[in-house]
Amino acid sequence: MEPLRRGYLSALSANIMWGVFPLYFRALRPAGAVEVLAHRIVWSLISVAVLLTVLARWKTLKALVKDGKRLAGIAAAAVFIAVNWGVYIFAVDTDHVVEASLGYFINPLFVILLGVLVLRERLRRLQWVALGVGLVAVVVLSVDNGRLPWIALTLAGSFGTYSLIKKRLGLPAGEGLFLESAVLTLPALAFLAWLASRHQETFGTVSAWHTIMLAGSGLLTAVPLLLFAEAANRVPLSGLGILQYLTPTLQLLLGVLVFHEPMPPVRLAGFAIVWCALAIFTADAIRHSHKRRAAAVKEPATAVREAV
């Protein structure tokens, strides 16, 4: 298979898996959100440890452990991804899948905002327009809910900040997930021990299938992440950007069509405004990518003419 086609297939597979996560986490009832999060952390550590052993990549991990600054960054990333995972599982468990999907729709807009506030980036005109339209959508959805859509905003904020930290660290996907899970594993195990002491754990007490699914949450976390990491090395950024909308689209469809969550006209209007913002953002990103590519092709040609 051609590398580019393999990359697109990997990206498509990862986004489809992320998109159907609500079906998996809903099936983990009666486990509560924090118990599911704790198991996800612990089993992610175990799954990635097996993977690193198979791929013989422990040497890279040892080098990372010796880097104090990177370890501090990894600890910060771990906190933000734990918040993201926990709020997402809570959203699924409490019938807020539609609002969770909104969080991942607006995530690209939040990343732009982080670029301005943290990295002091200068935005292009259409990026400002996309941000403004996104803000209007948040206001409309707040009016519909009678409150800020805090689940969506927390998901976008935590994952956007996590992505920023990860970009600065530049870690390989597997090693990064292992270290992040390692940071969180002791608190996760402490919580599971506390649950067991109160005889409130569901692991091993509900059914064999329930126990297997809780343990499988680690593999469910690792596989799409590694697929996406492979895709990132093969697929242009514009292609990855468009495919990332597949995840919240599938989540939205599950929320409305499978879990029968309400979609009143005002909420639908709010989502429509978000989609307009994303259309502006995507069109600008594609146009800018084409310009950069054209400039990169033009520069060598100019150099050759000057040399002649």
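Angles under 35 degrees count as roughly parallel, over 145 as roughly antiparallel, 65 to 115 as roughly perpendicular, and the rest as oblique. In this predicted model, local features need pLDDT of at least 70 and side-chain atom pairs count only at pLDDT 80 or more, while totals for chains, interfaces and linings use all residues. Residues are numbered from 1 along each chain as its sequence is written, and side-chain values use heavy atoms, with hydrogens and water left out.

The axes of helix 6 and helix 12 cross at roughly 165° and come within 8 Å; the two helices are therefore roughly antiparallel to each other. Helices here are DSSP runs of H or I with at least four residues, numbered from the N terminus. Axes are lines fitted to C-alpha atoms, for helices over the stretch in contact, and angles run from 0 to 180 degrees between N-to-C directions. The crossing of helix 6 with helix 12 is left-handed, a term used if the near helix is turned anticlockwise from the far one by less than a right angle.

On the helix 6 side, Val97, Val98, Ala100, Ser101, Tyr104 and Phe105 meet Pro248, Thr249, Gln251, Leu252, Gly255 and Val256 of helix 12. Contact means heavy atoms within 4.5 Å. The contact of helix 6 with helix 12 has eight nonpolar, four polar and no charged residues. In this classification Ala, Val, Leu, Ile, Met, Phe, Trp, Tyr, Cys and Pro count as nonpolar, Asp, Glu, Lys and Arg as charged, and the others, Gly among them, as polar.

Thr247 also belongs to helix 12, which spans residues 246-258. Thr247 is buried, at 7% relative accessible area; buried means under 20%, exposed over 50%, and partly exposed in between, with a 1.4 Å probe and protein chains only. Beyond its neighbours within four places in sequence, Thr247 is in contact with Asn15, Trp18 and Gly19.

## Helix 6 against helix 7

Helix 6 also packs with helix 7 (residues 125-145), at an angle of about 135° and with axes 10 Å apart. That angle makes helix 6 oblique to helix 7. This crossing, too, is left-handed.

Leu102, Leu109, Ile112, Leu113 and Val116 of helix 6 meet Trp128, Ala130, Leu131, Gly134 and Leu141 of helix 7. By class, the residues of this contact are nine nonpolar, one polar and no charged.

## Nonpolar cores

A nonpolar core is a set of buried Ala, Val, Leu, Ile, Met, Phe, Trp, Tyr and Cys residues joined through side-chain atoms within 4.5 Å. The largest one holds 49 residues, of which Phe25, Leu28, Val36, Tyr88, Leu155 and Phe178 touch the most other members. Two or more residues each come from helix 2 (21-26), helix 3 (33-55), helix 4 (58-65), helix 5 (68-93), helix 6 (97-117), helix 8 (150-169), helix 9 (173-197) and helix 10 (208-232). Helix 5 gives the largest share, eleven residues.

Leaving out residues up to four places away in sequence, Leu155 touches Asn84, Val87, Tyr88, Ala100, Gly103 and Tyr104. Another core lies apart from the largest one and has 21 residues, including Leu109, Val116, Leu131 and Ala156.

Ala188 is part of helix 9 and counts as buried, at 5% relative accessibility. Ala188 touches Ala38, Ile41 and Val42, not counting residues up to four places away in sequence.

Lys291 sits in helix 13 (residues 265-307) and is exposed, with a relative accessible area of 53%. The C-alpha atoms of Lys291 and Gly174 are 33 Å apart, for a separation of 117 residues along the chain.

## Backbone exceptions

Most residues other than glycine have a negative phi, and most peptide bonds are trans. The bond that joins Arg29 and Pro30 is cis, with omega about 15°; Pro30 is in the loop between helix 2 and helix 3.

His199 is not a glycine, yet has a positive phi of about 55°. His199 lies in the loop between helix 9 and helix 10 and is exposed, at 71% relative accessibility. Phi of His260 is also positive, near 55°. His260 is in the loop between helix 12 and helix 13 and is exposed, with a relative accessible area of 63%.
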